[in-house]
Amino acid sequence: MERNLTKKQESFRKSILSKWLFKLYLLQKMPIALFAGLRVREFTEEKCVVSIPYKWLSQNPFRSVYFATQAMGAEMSTGVIGLMAIQGTSKKVSMLVVHLEMDFFKKAAGRIYFACNDGDKIFAAVDSALLTGEGTTVTAKSTGRLKDGTIVSEFSVIWSFKSKS
């Protein structure tokens with residue numbers, strides 16, 4: 001679905017795509033993600049792709065990317081879309097992860113790219129929370145792949161959105 005972003009939403013999107021502004025954002029809001037090397041590679045109202053390098057700070061003892069680091073990448077690929085959706089809304093909207101499910105398929109021994117394509121669902125949940133004044137949940141899926149396309153993990157992140165009165 002084509003969506004016209006507000007100026008605040010577009011400004012937020014551009015700041016996340018800016019290498020330096022994003023690093024400053026992470027330093028202020030999520031320093032562990034900065035140190036782990038997470039980067040937003042693609043970001044629209046429909047899709048977000050976040051990469052995680054395989055390096056000393058993101059590894060586990062089994063020579064692969066640690067599951068918690070993968071969860072951070074999956075959460076970010078879904079969460080920045082939610083953050084964009086609440087920018088400039090008529091009321092303040094809180095957002096919170098309320099549930100997380102994950103499946104692991106292959107050893108993650110290289111850079112992983114987490115892609116979420118559920119932007120329409122996330123924006124609809126925010127719109128519903130604003131319209132009804134009730135809390136709304138949405139399940140956003142994020143799939144982690146190696147550069148060659150091999151799926152290493154899949155995450156379902158359930159977000160809650162609630163407008164504040």
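A residue counts as partly exposed when its relative accessible area lies between the limits for buried, under 20%, and exposed, over 50%. In this predicted model, Gly133 has a relative accessible area of 31% and is therefore partly exposed.

**Gly133**
- Gly133 sits in the loop between helix H5 (119-132) and strand S5 (136-145).
- Gly133 follows H5 and has a positive phi, near 75°.
- Leaving aside residues up to four places away in sequence, Gly133 touches Ser128 and Ser163.
- Between Gly133 and Glu42 the C-alpha to C-alpha separation is 31 Å, at 91 residues apart in sequence.

**Helix H5**
- The 14 residues of H5 reach 20 Å from first C-alpha to last, close to the 20 Å expected at 1.5 Å a residue.
- Buried residues in H5 are Gly119, Ile122, Phe123, Ala125, Val126, Ala129 and Leu130.
- These residues lie on the same side of H5, because they cover an arc of only 155° around the axis.
- Their cover includes helix H1 (7-17), helix H4 (67-86) and strand S3 (93-104).

**Largest pocket**
- The largest pocket has a volume of about 310 Å³ and is lined by 14 residues, with Tyr25, Lys29, Met30, Gly79 and Leu83 nearest its centre.
- H4 gives the most to this lining, with five residues.
- The lining comprises 10 nonpolar, two polar and two charged residues.

**Second largest pocket**
- The second largest pocket holds about 180 Å³ of space, and its lining includes Phe22, Leu26 and Arg39.
- H2 gives the most to the lining of the second largest pocket, with four residues.
- That lining has seven nonpolar, two polar and three charged residues.

Technical notes. Residues numbered from 1 in each chain as written. Predicted model: local features only at pLDDT ≥ 70, side-chain atom pairs only at ≥ 80, totals over all residues. Heavy atoms only, no water. Helix = DSSP H or I, 4+ residues; strand = E, 2+ residues; numbered from the N terminus. Buried < 20%, exposed > 50% of the residue type's maximum accessible area, 1.4 Å probe, protein only. Contact = heavy atoms within 4.5 Å. Expected span 1.5 Å × (residues − 1). Arc of directions from axis to C-beta. 1 Å grid on protein atoms, 1.4 Å probe; cavity = no way out; pocket = protein on both sides within 12 Å on 5 of 7 lines; lining within 4 Å. Points joined across faces, edges and corners; volume = space filled by probe spheres on them. Nonpolar A, V, L, I, M, F, W, Y, C, P; charged D, E, K, R; others polar.
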